[in-house]
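Here are my notes on this entry, as numbered points. Please read them with the structure open.

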Amino acid sequence: IGRSKLMGKETIERKGNELKLILNEQYVSQQITLMESSIEKAPHISIGLAKELIETCCKSIFEERSQNYDKNWDLTKLMKETTKLLKLTPEDIPNEIKASTSIKQILGSLCSVVQGIGEIRNEYGSGHGKAGKFKGLQPRHAKLAVGSASTLAIYLLETHQLKLENA
């Protein structure tokens, strides 16, 4: 059991390092380091930062493409608009390609993952004051949020870069 816990931590750190290279901004690098380091001792902070990572990723894509986004969009709307901008909606996948149904299913689930992270952050993450008797989630929940957010951010940023290179 101790080994699997260590491997999970290594996977999260590897994703964090990859994101730091892609985004290459000091603020983002600091946030990712804080997100990773707070998983065990302060899971609520990691959960809040996982949500912020997705927001940062989406906003960075809009800015790099010189496109406007509404600062009042909630996380789910920001994610939906980012997938439209990158042409990653299920409607953008032709039915003729192999595994199109599976690809559409995964793409359709991206917004559900983002919505879930946003809702967990609102209830259990940092960013909102809590009552004195607040009981937070466990580190395993933080790992789920951080791992999901990191994987999603890498996918969106790599897709963004690939489409810019092929434009």
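1. A search of the whole structure, which is a predicted model, turns up one cavity of 30 Å³ or more. The volume of the largest cavity is about 60 Å³.

2. Which residues line the largest cavity? The lining consists of Y27, V28, Q31, I32, M35, L49, E52, L53 and T56. By class, six of the lining residues are nonpolar, two are polar and one is charged.

3. Two helices deserve a look here. α2 (26–37) and α3 each supply at least two residues of the lining of the largest cavity. α2 gives the most, with five residues.

4. Next, the packing of α3 (residues 43–64) on α6 (residues 139–165). The axes of these helices come within 8 Å and cross at roughly 10 degrees. Angles under 35 degrees count as roughly parallel, so α3 is roughly parallel to α6.

5. Which residues make the contact of α3 with α6? From α3 come P43, S46, I47, A50, L53, I54, C57, C58, I61 and E64. They meet P139, A142, A145, V146, A149, S150, L152, A153, L156, L157, H160 and L164 in α6. By class, the contact has 18 nonpolar, three polar and one charged residues.

Conventions:
Residues are numbered from 1 along each chain as its sequence is written. This is a predicted model: local features need pLDDT of at least 70, side-chain atom pairs count only at pLDDT 80 or more; totals for chains, interfaces and linings use all residues. Side-chain values use heavy atoms; hydrogens and water are left out. Axes are lines fitted to C-alpha atoms, for helices over the stretch in contact, and angles run from 0 to 180 degrees between N-to-C directions. Helices (H or I, at least four residues) and strands (E, at least two) are DSSP runs, numbered from the N terminus. Angles under 35 degrees count as roughly parallel, over 145 as roughly antiparallel, 65 to 115 as roughly perpendicular and the rest as oblique. Contact means heavy atoms within 4.5 Å. Ala, Val, Leu, Ile, Met, Phe, Trp, Tyr, Cys and Pro count as nonpolar, Asp, Glu, Lys and Arg as charged, and the others, Gly among them, as polar. On a 1 Å grid over the protein atoms alone, a cavity is a set of points where a 1.4 Å probe fits but cannot get out, and a pocket is an open set with protein on both sides within 12 Å along at least five of seven lines; lining residues have an atom within 4 Å of a point. Grid points are joined across faces, edges and corners, and a volume is the space filled by probe spheres set on the points.
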